[in-house]
Amino acid sequence: MEDRAAGAAVLKRLRKRRGLSLAAFARALMALADDLHQPPLPAVASVQRSVARWEAARPTMPDERYQLLLGHLYARTPAGDIALGTGSDFAEYLDALGLLGESERRTDELRMLVLSAATDAGGGMLALLAPRVHAGLTAALARPAQLDEPTIAGLGSVVADVNAAVGSLPMVRLQLLLAPAIEAARRLLAGSMPEPHVAPLRSVAVAGMTLAGRLAFETRDDTASHALYAEATREAGLLAQPWRQAGVHMSHALVTLYSTRGLDDARRLVDLAVRTTSTGESPLLRARAHALQAELAARAGHERHAQAALGLAWYDIEADHTGDPAPTSFSSGHLRGFEGVCELYVGDPGTAHDQFARSAAALTTPREQVQRAIVTTDQALARIRLGEPRAAADLLHECVAAASTTGGRVPALRLRRARRELRPWRREEWVADLDDHLMDVLGR
């Protein structure tokens, strides 16, 4: 109950900070609903009573319609600028919903809806910076010696926010949001700043460059992608944090696997990641490195090597992850997908199918939708090999929709491969339906 009261107090404080009475606030919400082409709200008095209930000692939760309207209202500063980052009214509003009892999934969904609208309107990185962080960044770019911790944290939040939006917003939009943050980090690192700020800023730069390399790959700019990974690798090498170097190597390995011929370059990067994670800083990243090692071994037809690497990955997944610096980097759900891939190449397609199904069921967050699309496409491939091509086509229809939503390049590549394996049934009506869906949604 204390949390709910605290949430109500935040909502009241946000309203009063803007100098709005209950009636004026109600009118503002009504005008916003009209601007967003939503059905009209009730009379002012009715909306005013709803606002009062949200701010009461025993508050009620705004319903989903009002939650969205409030999100759009607080996404803009009183001056009309978009501000969604840490320290903004919008971030404080989402915290208030959490205190009132709203689920994290719903607040994440709200964030993506409002961020999507901001990018529709041409909003860029500044939308993800609180006004005071924007001011601090402007000052630091003019004089790097003025760089402070809140500004570094603000840049870090931009990278984290863009990363969280993968799977929810088109990759091109994410590139536009991220690019200014990377350029700002580059310029600051090239200047003379207080020594204690160098490593934290470099960590932000490495995370941003790695993500940018992945986004460039997704938008089929392989030259820019490899250049960004090379830059991230150089910067990570200057940090006394081997786990960050390993993260760069693994992301680069996946991109290399799908953008170059052969396995040698990808294997070299994965082996480097395995060696780098041997320090023990992050068992989860080490598990991911071994899983990638297993997939590459399976693709090369080396069953024993693949199974040995999977065993090492499971050992690390089942270890104690307290204090792991990359707690969301890998999970048992992800690992089951890798097990399925290994079975698909050097094992039993029935076992592969079951592993893919378990993996897909575990990958439920918006951030995991790209991986879920990949896993489900591989599950369809296993169905084909089990002699169930029509059931595979049904699964691939789901994958087409997911690949369209996420804009992922790898799901599209996996879809193309699965469709090739349906060639023996190309004259069937259900294959023609799949081809029509592929053409309508993906243009291929």
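Me: Leaving aside its neighbours within four places in sequence, which residues is Leu 36 in contact with?
Reply: Heads-up: this is a predicted model, where local features need pLDDT of at least 70 and side-chain atom pairs count only at pLDDT 80 or more, while totals for chains, interfaces and linings use all residues. Leu 36 lies in the loop between α2 (22-35) and α3 (44-54), with helices (H or I, at least four residues) and strands (E, at least two) taken as DSSP runs numbered from the N terminus. Contact means heavy atoms within 4.5 Å. Skipping neighbours within four places in sequence, the partners of Leu 36 are Leu 69 and His 72.

Me: Is Leu 36 buried, partly exposed or exposed?
Reply: The cut-offs go by relative accessible area: buried is under 20%, exposed is over 50%, and partly exposed is in between (1.4 Å probe, protein chains only). Leu 36 comes out at 32%, so its class is partly exposed.

Me: How far apart in space are Leu 36 and Arg 367, C-alpha to C-alpha?
Reply: Residues are numbered from 1 along each chain as its sequence is written, and side-chain values use heavy atoms, with hydrogens and water left out. Leu 36 and Arg 367 are 331 residues apart in sequence. Going C-alpha to C-alpha, their separation in space is 27 Å.

Me: At what angle do the axes of α1 and α5 cross?
Reply: Axes are lines fitted to C-alpha atoms, for helices over the stretch in contact, with angles running from 0 to 180 degrees between N-to-C directions. Helix α1 covers residues 2-17 and helix α5 covers residues 89-100. Their axes come within 7 Å of each other and cross at roughly 155°.

Me: Which orientation class does that give α1 and α5?
Reply: Angles under 35 degrees count as roughly parallel, over 145 as roughly antiparallel, 65 to 115 as roughly perpendicular, and the rest as oblique. The crossing of α1 and α5 is left-handed, meaning the near helix is turned anticlockwise from the far one by less than a right angle (clockwise would be right-handed). As for direction, the two helices are therefore roughly antiparallel.

Me: How many nonpolar residues does the contact of α1 with α5 have?
Reply: Ala, Val, Leu, Ile, Met, Phe, Trp, Tyr, Cys and Pro count as nonpolar, Asp, Glu, Lys and Arg as charged, and the others, Gly among them, as polar. On the α1 side the residues include Val 10, Leu 11 and Leu 14, which meet a set in α5 that includes Tyr 93, Ala 96 and Leu 99. The contact has 1 polar and 6 charged residues, and its nonpolar count is 9.

Me: How far apart are the axes of α10 and α11?
Reply: Helix α10 (residues 198-218) and helix α11 (residues 222-237) pack at an angle of about 160°. That makes α10 roughly antiparallel to α11, and α10 passes α11 in a left-handed crossing. The distance between the axes is 8 Å.

Me: What is the phi of Arg 220, in the loop between α10 and α11?
Reply: Most residues other than glycine have a negative phi. Arg 220 is partly exposed, with a relative accessible area of 44%. Its phi has a positive value in a residue other than glycine, near 65°.

Me: How many polar residues are in the contact of α11 with α12?
Reply: These two helices pack at about 160° with axes 9 Å apart, which makes α11 roughly antiparallel to α12. Among the residues that meet are Ser 225, His 226 and Tyr 229 of α11 and His 249, His 252 and Val 255 of α12. The contact has 5 nonpolar and 2 charged residues, and its polar count is 10.

Me: Is Val 255 buried or exposed?
Reply: Val 255 is found in helix α12 (residues 242-259). Leaving aside neighbours within four places in sequence, Val 255 is in contact with Arg 214, Phe 217, Ser 225, His 226 and Tyr 229. At 3% relative accessibility, Val 255 counts as buried.

Me: How many disulfides does the structure hold?
Reply: A disulfide is a pair of cysteine sulfur atoms within 2.5 Å. The sulfur of Cys 342 has its closest cysteine sulfur in Cys 399, 19 Å away, so that pair is too far for a bond. Cys 342 counts as buried at 1% relative accessibility, and Cys 399 counts as buried at 1% too. The number of disulfides is 0.
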